[in-house]
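Hi there,

Here is the structure I promised to pass on to you. Have a look at it first, and then read my notes below with the 3D view open beside them.

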Amino acid sequence: MKAVAVTGFGEAPRLMELPKPTPAAGEVLVRLVGAAPNPFDRAVYDGFLRHLPHSFPLVIGFDGAGIVEEVGEGVERFEKGSKVYGSFAHLPLGRGTFAEYIAISSDSSIETAPKRISLLEAAAAPGAGMTAVGLVDETAIAAGQTVLIVGASGGVGGFAVQLAGAKGACVLATARPDAAERLRSLGAAKTIDYGQRSVAGQIPEIAPGGIDVLLDLVSDPESFSSNVEMVRDGGRAVSLRYAAQAELLASERVEVVNFSLREHPRASEFLRTLTEAIDGDGIGVVIEAELSLEEAPVLLAARELRGARGKTVIRIGNWP
């Protein structure tokens, strides 16, 4: 099978021909339709998790979607022909989604794919979508609240705007002018151009009483601390970049947390919630670009994934 992989930490990814995997007991073999890159992919093949078991050649990628082609002994969750998607993370690391096939435990973080969108769209949803679900859950966003999303233009931000809006919140989203219309179409009540004036300088005019919830997806510690000042007493603030320092984490005025999907104890539940949101609430997947598997090594080598407008999806094979 074709796969994008490395043979050692720190190498440049390249397209390889590797053996098609065979599902062991408890595993399913999925023929992948699509995959999606995330910033964390680079950290893995650079050796950030070298303390964990890895297999080489290390096939890159966690997010993906496809069709179950074989089921191993004892598998009851899925059957041949099931359409699935999710975060295909499992040990040893190295059996990733940038490939034509993947064999994975049926108990992993994969679910029946949403029915309302295509499998290619579903491939782009898991990592960003599950993170957004977790952020909304962590801050208990509710109807009538004012929510500020800093860094709303990317994959996580696109989902967070929609999910918070579906809860009935008034969503304020930071964005450059060229992304503003798209974010408003996703449900943002107002977009804030941070290139002209500071966000902190504009919020008193937009929300004189402050904001209830801050979802900060991009800021460094200094900027995050400044943004927390916009949150009214008793509100909540969360950083996706671990920008909340000890003093803020101990705050009694605002509930402040650092969020990590990988470390969240209920992360496995978020994929099912995401599926329900896509099928039930009409949450969409914002795709910025579509590439082939053959083009993926160039993407990984040359492109900084942070700062993207939506998700990039990798089409695998000639699926419709």
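Three strands make up an open sheet, in the order β2-β1-β4, and their pairing is antiparallel. The edge strands are β2 and β4 (58-59), each of which pairs on one side only. Please keep in mind that this is a predicted model.

Let us look at one of those pairings. How many bridges join β1 to β2? There are four, and the two strands run antiparallel. To find one of them in your viewer, go to V4: the bridge partner of V4 in β2 is L15.

**The protein chain as a whole**

Now zoom out. The secondary structure of the protein chain comes to 10 helices and 16 strands. Its C-alpha atoms fill a box of roughly 60 × 40 × 35 Å along the principal axes. A compact globule of 320 residues would have a radius of gyration near 20 Å, and the protein chain agrees with this because its own value is 20 Å. Of the 320 residues, 54% are buried.

β3 and β5 run antiparallel and are joined by eight bridges.

**Salt bridges**

The structure holds 12 salt bridges. Let me walk you through some of them.

Start with E294 and K2, which form a salt bridge with their closest N and O atoms 3.2 Å apart. Which parts of the chain does this pair tie together? E294 lies in the loop between β15 (287-292) and α10 (296-302), while K2 is in strand β1 (residues 2-6), so the pair ties together parts that are 292 residues apart in sequence. Both ends are partly exposed: E294 has a relative accessible area of 41%, and K2 is at 33%.

Next come E69 and K20, whose side chains meet in a salt bridge of 2.9 Å, N to O. This pair also links distant parts of the chain, with E69 in strand β5 (residues 63-71) and K20 in the loop between β2 (14-17) and β3 (27-36), 49 residues apart. E69 counts as partly exposed at 23% relative accessibility, and K20 is partly exposed as well, with a relative accessible area of 39%. K20 has another contact to show you: its charged end sits over the ring of Y101, 4.5 Å from the ring's centre.

Then there is E205, which forms a salt bridge with R197, the closest N and O atoms being 2.8 Å apart. Is E205 buried or exposed? E205 is exposed, because its relative accessible area is 56% and the cut-off for exposed is over 50%. R197, at 39% relative accessibility, counts as partly exposed.

**Aromatic rings**

A search of the whole structure finds three aromatic pairs. One of them is F40 with F48, an edge-to-face pair with 6.2 Å from centre to centre and 85° between the planes. F40 is partly exposed, with a relative accessible area of 21%, whereas F48 counts as exposed at 53% relative accessibility. Ring pairs also bring in F62, so that F40, F48 and F62 are linked into a cluster.

**A buried asparagine**

Last, find N38 in the loop between β3 and α1 (39-45). N38 is buried because its relative accessible area is 13%, and buried means under 20%. Which side chains does N38 contact? A polar contact of 3.1 Å joins the side chain of N38 to that of D63, and another, of 2.8 Å, joins it to the side chain of K311.

Enjoy exploring, and do write back with your questions.

Best wishes

Technical notes: Residues numbered from 1 in each chain as written. Predicted model: local features only at pLDDT ≥ 70, side-chain atom pairs only at ≥ 80, totals over all residues. Heavy atoms only, no water. Phe/Tyr/Trp six-rings, centres within 6.5 Å; stacked < 30°, edge-to-face > 60°. Buried < 20%, exposed > 50% of the residue type's maximum accessible area, 1.4 Å probe, protein only. Lys NZ or Arg CZ within 6 Å of the ring centre and 35° of its normal. Salt bridge = Lys/Arg side-chain N within 4 Å of Asp/Glu carboxyl O. Polar contact = N/O pair within 3.5 Å; in protein donor to acceptor, adjacent residues only side chain to side chain. Pairing = 2+ DSSP bridges. Rg over C-alpha atoms; globule rule 2.2 N^0.38 Å.
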